[in-house]
Each structure stands twice: as structure tokens, then as C-alpha cells.
Amino acid sequence: MSNPPQVRKFDAIVVGAGGSGMRAALELARAGLKTAVLSKVFPTRSHTVAAQGGIAAPLANSTEDNWHWHMYDTVKGADYLGDQDAIEYMCRRAIECVVELEHMGMPFDRLENGKIYQRPFGGHTQDYGSPKMAMRACAAADRTGHAMLHTLYQQNVRANTQFLIEWMALDLIRDPQDGAVTGVTALEMETGNLFYLQAKAVLLATGGAGRIYWATTNAFINTGDGLGMVARAGLPLEDMEFWQFHPTGVAGAGVLITEGVRGEGGYLLNKNGERFMERYAPNAKDLASRDVVSRAMTTEIKEGRGCGEHADHVLLKLDHLGPEVITHRLPGIREIAMKFANVDPIRDPIPVVPTVHYQMGGVPTNYMGQVVAPEGNSKEAIVPGLYGAGECSCVSVHGANRLGTNSLLDLLVFGKASGEQMIKDIKGQPSPHRALPKGAGENTRFRLNRLDTATSGERVVDVLNDLRRTMQAHCSVFRFPDDLAKGVQKVKEISERLKKTFIADKSKVFNTARIEALELENLVETAMSTIVSAEARKESRGAQAREDFKERDDKNWMKHTLWYKEGNRLEYKPVHTRPLSVETMEPKVRTY
């Protein structure tokens, strides 16, 4: 890297152009701030586009509803590990954020009376967990995320947000004096040039990292880039042991079949043609929360009641809904089933298996989107200049398990909240940017230089495949003590192998091999934080289901995990059990 990197200055930088990044950018650009949004792909190709089922909001268009019930369901769904102040904040702002999106032109489906169409979804109930399901998911057919992303992109274009498309952020730039984040180092893919992007505020909205698993609904871009950046900057990652397995990924392909199918009346069958969910969740049945349904399906398969030649999946039946409902409400699902499972759901059931889908953990933030980390006496000192929103952040509204359709709401509410907080903080600062700290970007240059000069070593794809197989085998739906301990050793070995990876293609222009090698580093940080945290948590809670500790242990484990890259060590911090304005929702046994 002979010539020094170019420096570009902005008021605010948003890393990631999914739902939360674009919602925050819109807030910033409308406030007249010079805002840059970095994205590895064209903005409307961000992974929010894959969200199908809907956005949770207690609009009460089809059934009675209010934010108190929504909050209760979210706290219970999170298995009491969610921060109740953040959950109340999200549920109270839900209606405002959805109506705002509607006014921006989002093409929601409509009821006869013209109001937004809402469908039931797993874990969403009326009257504090009664057997009656709430219709709370505001939907645009089964392409809700797609419609939302396009709506937000158009609004950003209108507000003159500057998009840096096909750029990859590599590392945070921190001031050694007070630890403030003053920008990022970033690679422009088209030229292969390194840039220093300076800003008064940096928002990480890089999405999930589901590619650490072999079977996943996540796109190839979901490599935990924000998580890697934060871990390398010496900051912790929170609750990384909690990964949601979506009950219905297409068997063999992993592509997502929305819970909206079950919301519309589809149901699961084992090889005997039995509706087995009635045994596991007598009230909510197929609309129990996702961790419950995934474990039920895995149990059916493990006990020999799976379908197909290898008895390795169950069936999702929706032909009884009739062609009209399927083509009108679930057109994308029919297309996916025909393409990836070779079945037409109008006639035949879809083969499905639990597939990794969503990370509940991430970069620790408060409900204003500010990144927080332990410092001195405080467990939640604010890191100046750094913010997080969306799936890469852990405001902890999802706790140990996320309710379906709360993720799109999370993007909207906390994308907006972090944008509002950034505006306040930027406007309260003196006007010029801080000087770049001495030695800024040294680590980035070292990493790029190692890849450029290595002449032999391991192929990136081999290390990646071993990582994904290890996570799938050792840290899956059910977790066994020996598997976890072995998995920790294996991921440590993979982490060592990472230092010896090499790329044969040393060209500059659009070198995807270099990008993949850099992404692998982020995936290894993510996998390490996940398996170390999972091995240490001696209880079952939400998505963490341990065979040796089958019960939830509120006395010892009602706390958030914090993993640090340095020394591969863990710390813990308390769960916020006090909401903003209502009574604390006390832990109870979770039944559906």
C-alpha cells in the first residue's frame, strides 16, 4: 500500500444500507447533515429485502390490541432476558413508525375498509398471553421487507443522502485519548483503494452474521462486518450465544419460508401425517414462538418421525388454504417452493427444517442507539461517536429469542431513534472534525498488506467451510456439553488458520477474493464470541437449549453476556428489568 489513503469527511457515516441504516440516514439527511451510507451491495439488495412476513404494530385493525399486550409478548418471547425499558420504548413507538412508513408510500396490503392488512404471527397474543392470537403483523403480501427497503431508498434519494455503493468498511478509527470513534477505514471495491472516512458520528447497521452456520436463511453478504469491527476495536459483543433457528427453511436449500404461511393457516406435519405441534404447544400450536417450534421439529426428526428418504425434514401443509389465498397473500412463497423444493404448495406440502435465521446478540447499545461498554464503575458507559441499530446491534429487545415481525419494527424504531440521537450529538459538537489520531488505520493496512504479500497458505473457502461445519455440528438447535467444549477448541484452531490464509488474485479492481478474505475475519470473530458465550452459559433460555441444563436459571443467569476479543474473555451485566412507565413484568414459566 504505497500511496497514503485518501481522506474524506462527512458529518455522519452509516455503515450498511438495510432497513435500520436507511431509516437513520433518512433522519440525518433530512436534518441537513452531510451523510454517507456505505454498502457492500446496491442498497435495495441489502438483506432486509428478504424479510417476508410483516412489521409488528398494535394497530388493532383486525383484532383488539394495544402496546401493553405487545410488550408483554415481547418480554415473554425474549425469555425474560430482554431489557424492559427498550422493549417498552419499541412497542410504544411502533404505531408511529409504521404509519410514518405508510405515509412515505409503503404499499401495504389492505383490508376491505382500506386499513393496513394484519395477520397473526407466532407468540403474538391478546390480553397478556391468552390463547387468542393477535393480528399484529402489518404485511405487504409476503414481500414486506422488500417493499420497506424500496420505500426507504426512494425517500433517501429524495433527501440527497450520499450512497457509497460497493464499499466495505474495514475498521473503526478511535481516538486513543478518550476512545471516541472518529471514522472508519473503508475499501472501495471498484478500485481496491483504501480510504479514511472521517465523521462526527458513525452508525453501524451491518445486519446479521448468519453465514457462520452451514444451513442458513442469510444472504452471502451477512458476514458480521460490524461485529468484527467492534471486536477488533477492543469493545465487547453482547449475548452472542443466542441465535434464532427459523422453524421453516426449505430442506436442503435453507431459503426462508415465512411464518406468515402459518399465520395464514398453514401447519406442520410429521411422516405419520400428524399435526405434532399440538403436543408441544396446545394453545398456540404452529404459532408458538420460534425457539419452541424449532425444538419441536428437531425432536420429531430425532425421534424418527421425519419425512423423506433420509427422514431429515417435516412438511408444511398449505394446500387447504386454496389457490386464491396462496397466490394473493403468499405469491413469493409459492415461487420459492417451486424453485427450491420443486413442489407447488397449491397441491403439495413443502419440506422444511429449522435453519439459522437471526442473531439476537450484537453490539451493545441503549435504546437511543448509543454503543455502551463497561468502563470504570459503569457497566454501560457511552462510547462517544459510535452508534448501532438493527440486527448487528443488541439493544436487547429480543433477549434470548425474537418474536417474528419484531425485527422489522426494531429496524424502524431504533434506526429512527439512533438518527435522532446522532443529530443531537453532532449539533452539540464544535464544528471542525477531530484530527486523525496518530497511526490511524495501521491495523487495516497491516491486514491488507498480509493478504497482498502472502504467496502461499490456506484457501479462504476451505477455512470458511470448516468454520460453518463446526458451528453447525457443535452449536446448533440443541447444545451438548462435550460438543460445545470441542467446538470452542475447533474455532480456536480455525482462528489460528485464519492468519495463514492467502489469495492467489492480487489485482486491485473489484477483487472479490480479497473481500471474501476480509469477510472471513469478521465471521471468525462472530463464531468465536458465539461458541465461547454458549459454552459458558449453564442454562437453557430461549434459543440456547442445553441438554445438560434443561431449565432456565434466573438466579444465576438472568444477565447479559459480554465477550471481548482480547483474551477471549467474558464479563456479564444485569438485565434492565425496569420499564420506562409500567410495572416490571416478572419472569414466569414460558408456555404457549
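Modeller: We'll go from the whole chain down to single residues. Keep in mind that this is a predicted model.

Colleague: Fine. How many helices and strands does the protein chain have?

Modeller: The protein chain has 16 helices and 24 strands.

Colleague: And what box do the C-alpha atoms fill?

Modeller: Roughly 65 × 50 × 50 Å, taken along the principal axes.

Colleague: What radius of gyration does the chain have, and what would a compact globule have?

Modeller: The protein chain has 23 Å. A compact globule with 592 residues would be near 25 Å, so the two agree.

Colleague: How much of the chain counts as buried?

Modeller: 63% of the 592 residues.

Colleague: Let's go inside. Which residues have the most contacts within the largest nonpolar core?

Modeller: Leu172, Leu197 and Leu386, in a core of 73 residues. Helix H15, residues 512-536, gives the largest share of this core, with 11 residues. There is also a second, separate core of 67 residues. Ala25, Leu149, Phe163 and Ala389 are included in that second core.

Colleague: Back to Leu197. What does it touch?

Modeller: Leaving out residues up to four places away in sequence, Leu197 touches a set that includes Phe10, Ile13, Leu38, Leu164 and Trp167. Arg8 and Thr182 are also among its partners.

Colleague: New topic: sheets. What is the strand order in the open sheet of four strands?

Modeller: S13-S16-S15-S14, with antiparallel pairing. Strand S13 (243-250) and strand S14 (267-269) are the edges, each pairing on one side only. The twist averages 50° from one strand to the next.

Colleague: How many bridges join S15 and S16?

Modeller: Three, linking residues 314-317 of S15 with residues 350-359 of S16 in the antiparallel sense. Look at Leu316: it stands opposite Ile350 in S16.

Colleague: Which helix lies across those strands?

Modeller: Helix H8, residues 290-302, lies across S13, S14, S15 and S16. H8 runs at about 60° to S13.

Colleague: Now helix H2. Why is it called largely enclosed?

Modeller: Because nine of its 11 residues are buried. H2 covers residues 67-77. The buried ones include Trp69, Met71, Tyr72 and Val75, and also Asp73 and Lys76.

Colleague: Which side chains make polar contacts with the Thr223 side chain?

Modeller: The side chain of Lys40 does, at 3.0 Å. The side chain of Asp225 does too, at 2.7 Å. Leaving aside neighbours within four places in sequence, Thr223 is also in contact with residues including Gly208, Ala209, Glu519, Asn522 and Leu523.

Conventions: Residues numbered from 1 in each chain as written. Predicted model: local features only at pLDDT ≥ 70, side-chain atom pairs only at ≥ 80, totals over all residues. Heavy atoms only, no water. Polar contact = N/O pair within 3.5 Å; in protein donor to acceptor, adjacent residues only side chain to side chain. Contact = heavy atoms within 4.5 Å. Core = buried A, V, L, I, M, F, W, Y, C linked by side-chain atoms within 4.5 Å. Buried < 20%, exposed > 50% of the residue type's maximum accessible area, 1.4 Å probe, protein only. Helix = DSSP H or I, 4+ residues; strand = E, 2+ residues; numbered from the N terminus. Pairing = 2+ DSSP bridges. Axes fitted to C-alpha atoms, helices over the stretch in contact; angles between N-to-C directions. Rg over C-alpha atoms; globule rule 2.2 N^0.38 Å.
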